[in-house]
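Take a look at the protein model below.

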Amino acid sequence: MAIARKRQVSLVDTKYYHCISRCVRRAFLCGEDRFTGQSYEHRRGWVEDKLGELAKVFCIDVCAYAVMSNHTHLVLYVDDKKANRLNDKAIVIRWHKLCKGTLLTQKFIQGEKLSKVELIFFNQTVKQYRERLASISWFMRLLNENIARRANKEDNCTGRFWEGRFKSQALLDEAALAACMAYVELNPIRAKMANTPEESDHTSAQVRLICAKEGKQPKQLLRFAGMPRQIMPKGLPFELKSYLELVELTGRAMREDKHGHIDNMTLPLLERLNISSENWLKLTTQFTRVFHGAVGRPASQEGYCENLNRKRRANISNCAKLFA
């Protein structure tokens, strides 16, 4: 039985979440259909472009993504503090970029004075918009709905494009975050769609590497902040160079001609996170098979389950084993 979204998201425990959406019947509706030979490859670009548009409006940052032929992986950071800092006008302007809003919000933006009664309803609406702009559910809803409508219009048909509601996993600590990001960005390599991260089209890894050549970080993705001064700060808590090296080495270890060993090379990020190379390979190749629900060390899971009043702790044995 599916777990209600409000019982999966706890911003007190973590602001990082892994989201997965699959096409209906897992058909190749975003890539090339191997049976008919028809190409839908351009739709992967639709997803990537819409993702960038939404990230500019929502108070949600994209950490990593991979748009595959029949599913998408996203790692998102919910910046609820930013949503609370924005004034009413900024909130309304952002929401109007997504939807038309109401007569009252349109009236407010045009500079017309609102009566006391209108102000009461207006404030309630702004509060709702503020919550939505920091909501993963609304982010994914507007992303997936847009792609489904465009695809159905192109195919001149109706019905579902996505298999169902998106799946989400809470990433409770740095170890879970690093493993999940590497898992997402190496998807094309595991699927034999690319040989290296820089050749992996429609992924955050490719975008980061292109910008890294110029000594920059991409504006459309959450920046790497380096060594954290506090627990889970704004900005990915790793050094960009260390993370990219880790992804590269992991990708090499996944190749058929180089099984399971990384030639005694030092992995600073893994050493800091205290994860063995054998466990790391399992985490980055079987993340969604091994984990169903929140991911993190047992200590991280305790607070998360307590805050959401959840008695059952999924993944607890696998988390204890693989993050040991």
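Cys180 counts as buried, because its relative accessibility is 0%. Buried means under 20% relative accessible area, exposed means over 50%, and partly exposed lies in between (1.4 Å probe, protein chains only). The model is predicted: local features need pLDDT of at least 70, side-chain atom pairs count only at pLDDT 80 or more, and totals for chains, interfaces and linings use all residues. Residues are numbered from 1 along each chain as its sequence is written, and side-chain values use heavy atoms, with hydrogens and water left out.

How many disulfides does a search of the whole structure find? The count is 0. A disulfide is a pair of cysteine sulfur atoms within 2.5 Å. The closest cysteine sulfur to that of Cys180 is in Cys19, at 9.3 Å, which is too far for a bond. The sulfur of Cys23 has its closest cysteine sulfur in Cys30, at 3.9 Å, and that is also too far for a bond. Cys23 is buried too, with a relative accessible area of 0%.

## The whole chain

The protein has 324 residues, and 52% of them count as buried. Its elements are 15 helices and 4 strands. These are DSSP runs, numbered from the N terminus: helices are H or I with at least four residues, strands are E with at least two. Now consider contacts, meaning heavy atoms within 4.5 Å. Among contacts between residues at least 6 apart in sequence, 67% join residues at least 24 apart.

One example of sequence distance against space is Glu53 and Gln220. They are 167 residues apart in sequence, yet 8.8 Å apart in space, C-alpha to C-alpha. Glu53 is found in helix 1 (residues 42-57). Glu53 is partly exposed, with a relative accessible area of 45%.

## The sheet

In what order do the 4 strands form the open sheet? The order is 2-3-1-4, and the pairing is antiparallel. Two strands pair if DSSP finds at least two bridges between them. Strand 2 (60-67) and strand 4 (167-170) stand at the edges; each has a single partner strand, so one side of each lacks a neighbour in the sheet. Neighbouring strands are turned by 20 degrees against each other on average, direction ignored. Axes here are lines fitted to C-alpha atoms, for helices over the stretch in contact, and angles run from 0 to 180 degrees between N-to-C directions.

Strand 2 and strand 3 (residues 71-78) run antiparallel and are joined by 7 bridges. Tyr65 has Leu74 in strand 3 as its bridge partner. Helix 6 (residues 136-155) packs on the sheet and touches strand 1 (16-22), strand 2 and strand 3. The direction of helix 6 makes about 145 degrees with that of strand 3.

## Aromatic rings

The structure holds 10 aromatic pairs. Rings of Phe, Tyr and Trp (its six-membered ring) pair if their centres lie within 6.5 Å; planes under 30 degrees apart count as stacked, over 60 as edge-to-face and the rest as tilted. One of the pairs is Phe224 and Tyr243, which is tilted: 5.1 Å centre to centre, with 35 degrees between the planes. Phe224 counts as buried at 6% relative accessibility, and Tyr243 does so at 0%.

Trp95, Tyr129 and Trp138 form one aromatic cluster. Some rings also carry a charge over the face: NZ of Lys or CZ of Arg is within 6 Å of the ring centre and within 35 degrees of the ring normal.

| Charged residue | Ring | Distance from ring centre |
|---|---|---|
| Arg141 | Trp138 | 4.3 Å |
| Arg150 | Trp46 | 4.1 Å |
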